[in-house]
Amino acid sequence: MNRLTELFQRKTADVLNVYFTAGFPQLNDTVSILKALQDAGADLVEIGMPYSDPVADGETIQRSNQQALENGMTVATLFAQLRDIRQQGITVPILLMGYLNPVVQFGVEKFCQQCQETGVDGVILPDLPLDVYERQYRPLFAQYGLKVVFLVTPQTSAARVRQLDALADGFIYLVAAAGTTGAQTDMNADVDAYLSRTKALELQNPTLVGFGISDAASFAAASRHTTGAIIGSAFIRLLQQAPAEGRSAAITEFVHSIRS
Amino acid sequence: MITDMPSPYQVDAHGYYGPFGGAYVPEMLYPNVEELRDNYLRITQEPEFQREFQQLLTDYVGRPTPLFLAKRLSAHYNTTIYLKREDLCHTGAHKINNTIGQILVAQRLGKKRIVAETGAGQHGVATATVCALMGLECIVYMGEIDIERQKPNVDRMRMLGAQVVPARSGSKTLKDATNEAMRHWISNPTDTHYIIGSVVGPHPYPDMVARFQAVISAETISQLLHQTGRATPDFMLACVGGGSNAAGAFYHYLDEPGVRLIAAEAAGQGVSSGHSAATTALGKPGILHGASTILMQTEDGQVTEPYSISAGLDYPGIGPQHAQLFATGRAEFLSITDRQALDASFQLSRLEGIIPALETGHALACLPLIGAKPDDVVVVCLSGRGDKDLATYTKHLEEYA
Ligand SMILES: Cc1ncc(COP(=O)(O)O)c(C=O)c1O
């Protein structure tokens with residue numbers, strides 16, 4: 001069974017999804033960070049494919065993208081790095097997140113095929129329009145067992161949320177507040193109202209909250225009405241700061257601090 | 001001036017020009033883009049909108065702009081050359097045709113704040129101008145490098161009350177200013193309108209901007225008819241950064257196969273020099289700033305950093321309609337180097353007493369390349385004036401002494 005599907009059958013609350021950029025801080029750090037996150041108890045890992053023009057991302061993730069590209073990261077290199085992970089004891093569900101153009105240039109079918117071969121469970125492509133997905137790519141993603149995640153924001157109409165939910169089969173990514181990644185979202189009454197309003201829609205997919213989740217308090221607040229939350233920029237900042245030798249320990253400590 | 005013409009080169013019901021166009025935006029922008037998509041035709045076709053738009057174009061922008069028979073330039077190239085004088089628009093370029101239109105749309109959508117990107121600063125100035133005129137807050141993103149090389153326009157924007165924010169990401173030019181403006185819009189989804197400066201971005205922007213710029217070819221038709229007895233030229237020349245002045249100059253001629261449409265791209269130091277912005281020569285299909293189009297990119301789909309002496313052409317993509325005009329062969333794309341553009345700008349200055357913008361120099365540089373015959377009629381869209389480029393021109397004065 002798809003690991004993502006299996007995860008959400010097993011676990012319906014406090015799911016922690018951690019994002020990091022492939023090839024950052026060093027080109028070949030991808031797998032060791034993945035392993036450290038699994039060991040630390042992350043439920044799900046989202047690996048960012050770096051892009052030159054990440055419009056939905058704030059400064060922290062922009063910089064990690066730029067650094068990764070300077071390090072030489074490409075879609076092909078990422079698949080090469082992930083080649084044997086499933087044979088080497090990586091069991092955590094993995095999502096690839098990225099912008100559409102590098103995937104299109106790589107070849108969408110080849111991309112799906114490589115995802116299946118390496119054991120990637122799903123994708124988040126924020127600038128893939130819903131109608132294009134439905135018309136062009138849906139059967140392809142299904143053929144290779146890839147689950148698809150769509151974003152929803154506080155401005156998304158209820159009708160549109162239902163449309164997105166009908167086509168998503170991974171989870172629904174609830175963007176906490178209008179903004180790019182890394183914005184300081186304070187988990188105020190507005191956010192709480194939006195999350196409980198979304199809960200009342202009784203979506204078929206699990207929901208994870210992202211953007212501005214950085215610590216135990218925001219994780220707990222975000223998870224109150226949802227299946228869990230996603231941490232990105234705060235984790236990238238940790239990777240920037242932690243010295244390479246102490247990185248695994250720092251990752252363990254970080255994940256534990258979120259859960260505490 | 002805004003008319004509906006069924007045409008294979010115009011946007012279809014789904015927002016595409018053949019395989020190009022669409023709205024490849026993250027969900028955070030979907031409601032904004034949808035609001036615009038669902039309302040722009042209705043709003044711009046209201047008689048009251050049309051009345052205000054036309055009146056501002058006349059009394060504020062100074063339209064119609066003249067169509068000038070350039071006699072000495074014509075004699076030099078042994079053909080008949082007319083200049084469509086967009087340089088005489090208020091603020092010095094065609095950009096204001098679009099910002100007038102969009103500010104009226106923004107008002108009707110109830111927006112309180114305007115965000116824009118700018119390269120040469122012409123679109124930034126045109127946006128700051130209409131914001132001052134209508135009393136709306138104005139934030140303009142501009143690449144840090146462009147802020148350096150287009151200083152007078154930065155000062156003009158500030159004088160007009162706009163906030164100019166340096167874009168420090170990536171190549172620090174127009175592409176990155178566009179990214180920053182989009183991020184700003186993402187963060188301010190309900191009260192802000194994004195006045196994009198060219199025929200780029202997600203549907204409906206390319207179509208909306210082209211419709212506002214279509215006034216250029218609409219006026220050309222009647223002026224040419226009046227001056228020559230024929231409504232269509234043999235050649236229409238325009239430079240292409242994103243492609244808005246070209247889109248406007250081509251608009252009413254798209255379905256007139258007798259009119260050769262010539263688009264000048266910036267080759268920078270040369271198409272194969274590694275320092276170029278010649279999109280169709282160097283690019284391939286992909287997705288940039290919310291549209292499927294042709295863009296300069298690496299094998300891996302990363303957007304390449306372009307180069308041109310002219311900040312307004314220093315962009316790695318072109319609008320989706322231009323991608324379609326290129327792909328179908330309807331328009332011919334010529335690559336013009338920095339040097340050719342400088343030569344053409346100095347030539348126009350000396351032969352006709354008109355100092356053009358560096359961007360426009362690229363369009364003028366096509367004149368010796370198109371093989372125009374003595375009885376051909378050639379129209380050049382003189383997209384802007386050269387005041388903003390004086391510092392660059394001054395550096396080269398000696399060479400043209
Ligand atoms: C005078 C002038 N011409 C042309 C351009 C290029 O824009 P577009 O290709 O949208 O006409 C600019 C952009 O700043 C400009 O200032």
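**Entry 1: the interface between chains A and B**

I looked up the area buried between chain A and chain B in this predicted model. The value is about 2,600 Å², and carbon and sulfur atoms give 55% of that area. I noted that the size of an interface is often expressed as the accessible area lost when the parts come together.

I then asked how many residues each chain brings to the contact. Chain A contributes 35 residues and chain B contributes 32 residues.

Next I asked which three residues supply more than any others to the area that chain A buries against chain B. They are Asp53(A), Val55(A) and Gln105(A), which together supply 22% of it.

**Entry 2**

I recorded two salt bridges between chain A and chain B. I also found a salt bridge joining the side chains of Lys175(B) and Asp53(A), at 2.9 Å from N to O.

I listed the elements of chain A that give two or more residues to the side touching chain B: helix H3 (59-70), helix H5 (100-106), helix H7 (130-143), strand S6 (150-152) and helix H8 (158-167). H5(A) gives the most, with five residues. By residue class, this side of chain A divides into 19 nonpolar, eleven polar and five charged residues.

**Entry 2: a salt bridge within chain A**

Over all chains, I noted 37 salt bridges in the structure. I examined one within chain A, where the side chains of Asp43(A) and Arg259(A) meet at 2.8 Å, N to O. Where do these two residues lie in the chain? Asp43(A) is in the loop between helix H2 (30-40) and strand S2 (44-48), while Arg259(A) is in helix H12 (residues 247-259). The pair links distant parts of the chain, 216 residues apart.

**Entry 3: a sheet in chain B**

I traced an open sheet of four strands in chain B, in the order S7-S6-S5-S8, with parallel pairing. Its edge strands, S7 (163-167) and S8 (192-194), each pair on one side only. From one strand to the next, the twist averages 25 degrees.

Within this sheet I followed S5 (residues 113-118) and S6 (residues 137-143) of chain B, which pair in the parallel sense over six bridges. I looked up the bridge partner of Ala116(B) in S6(B) and found Val140(B). Finally, I noted that helix H5 (residues 122-134) of chain B lies across S5 and S6, running at about 165 degrees to S5(B).

Technical notes
Residues numbered from 1 in each chain as written. Chains lettered and ligands numbered in written order. Predicted model: local features only at pLDDT ≥ 70, side-chain atom pairs only at ≥ 80, totals over all residues. Heavy atoms only, no water. Pairing = 2+ DSSP bridges. Axes fitted to C-alpha atoms, helices over the stretch in contact; angles between N-to-C directions. Contact = heavy atoms within 4.5 Å. Buried area = accessible area lost by both parts, 1.4 Å probe. Salt bridge = Lys/Arg side-chain N within 4 Å of Asp/Glu carboxyl O. Nonpolar A, V, L, I, M, F, W, Y, C, P; charged D, E, K, R; others polar.
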